[in-house]
Amino acid sequence: MIVDIIEKNVLFSLTPHPLQEKLCDQLNLEPGSLEVRRFPDGESYLRVLTSVKGANCVILADLTHPDTKYLALLFLFETLRELGARSIGLVAPYLCYMRQDRRFEEGEAVTSRVFAQSLSLHIDWLITVDPHLHRYQSLDEIYSIPTQVVQGAPALADWLRGQNGLLLVGPDAESEQWVSSIAQASNHPYVIGTKQRLGDRRVEVTLPDISAYNGRKAVIIDDVISSGRTIGECVRALKAQGTEAILCAAVHGIFAEASDTYLLGTGLQTLVTTNTVPHSSNEIDVSELLVPPVRHFLNQVEDERR
């Protein structure tokens, strides 16, 4: 049975997400209802149970491990369009396929561009948190739709602010600008390590002398934890200099191949992440940071309608 709604702004999520209820509450969005399952042969079944004719639809998507999720998302985008949705926007707190931003070896797929071109065909706008912008200056270089990037640093700084006796640790030179801004906002000292990548799962991290910070609790700061090897090496380097109390705070906790278990086994006391990616370590809420850009795009659609 189709459920009629009065509100014209509807939020859908293919899988449960910790930001779903928070965004609905803060933006007065109608929670959309879906039926999703698989046929015995592994193909996807999707049914939209909420009327979307004339509605602005916001899709909240966890894009970790995207190869098993993307096709169902395309089915949802196109079905909403066929059912009369006025606009379709995507809130992807973690944006996948950003690391392969050039062809390093002959014949390699530049997957960041291919993915961006494909996604841009199906949605009207995109919001994400701290995408991996290394060789790209902005998402506009690869996405043909309006995009907004939300910085996770203020959420980490808020969490750190008020805690005493901390030393923030950035694992490599790339993190210095980011970590320094968090340190300034939270009023804590920081140091930056040097990282040498030896392979997909092998890195070496060297830290400067931190004897001046003896007795402080070290908090390793990173944007994404995937294999966890960089953080693990930071823990090793900190322990080598006598640091005993070590935490890690990150924006995106991907935790590939059970790396959260690996990290806690290195002697790391606590893992803390934001709720961009569902995980038991989610302690920092980024919903308030996402509200303004979502509201901006929804208001923009209404302005264009008038």
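This is a predicted model: local features need pLDDT of at least 70, side-chain atom pairs count only at pLDDT 80 or more; totals for chains, interfaces and linings use all residues.
**View 1. The whole protein.** The secondary structure of the protein comprises eight helices and 16 strands, and the C-alpha trace spans about 65 × 50 × 40 Å along its principal axes. A compact globule of 306 residues would have a radius of gyration near 19 Å, and the 21 Å of the protein agrees with this.

**View 2. An open sheet of six strands.** The strands follow one another in the order E10-E9-E13-E14-E15-E16, and their pairing is parallel. Strand E10 (190-192) and strand E16 (282-284) form the edges, each pairing on one side only. Neighbouring strands of this sheet are turned by 35° against each other on average, with direction ignored.

**View 3. The pairing of E9 with E13.** Strand E9 (residues 166-170) and strand E13 (residues 217-225) run parallel and are joined by four bridges. Within this pair, leucine 167 has alanine 218 of E13 as its bridge partner. Helix H6 (residues 229-240) packs on the sheet, where H6 touches E9, E13 and E14, and the direction of H6 makes about 165° with that of E13.

**View 4. Helix H4 across the strands.** Helix H4 (residues 153-160) lies across E9, E13, strand E14 (246-253), strand E15 (270-274) and E16.

Notes: Residues are numbered from 1 along each chain as its sequence is written. Side-chain values use heavy atoms; hydrogens and water are left out. Two strands pair if DSSP finds at least two bridges between them. Helices (H or I, at least four residues) and strands (E, at least two) are DSSP runs, numbered from the N terminus. Axes are lines fitted to C-alpha atoms, for helices over the stretch in contact, and angles run from 0 to 180 degrees between N-to-C directions. Contact means heavy atoms within 4.5 Å. The radius of gyration is taken over C-alpha atoms; the globule rule is 2.2 Å times the number of residues to the power 0.38.
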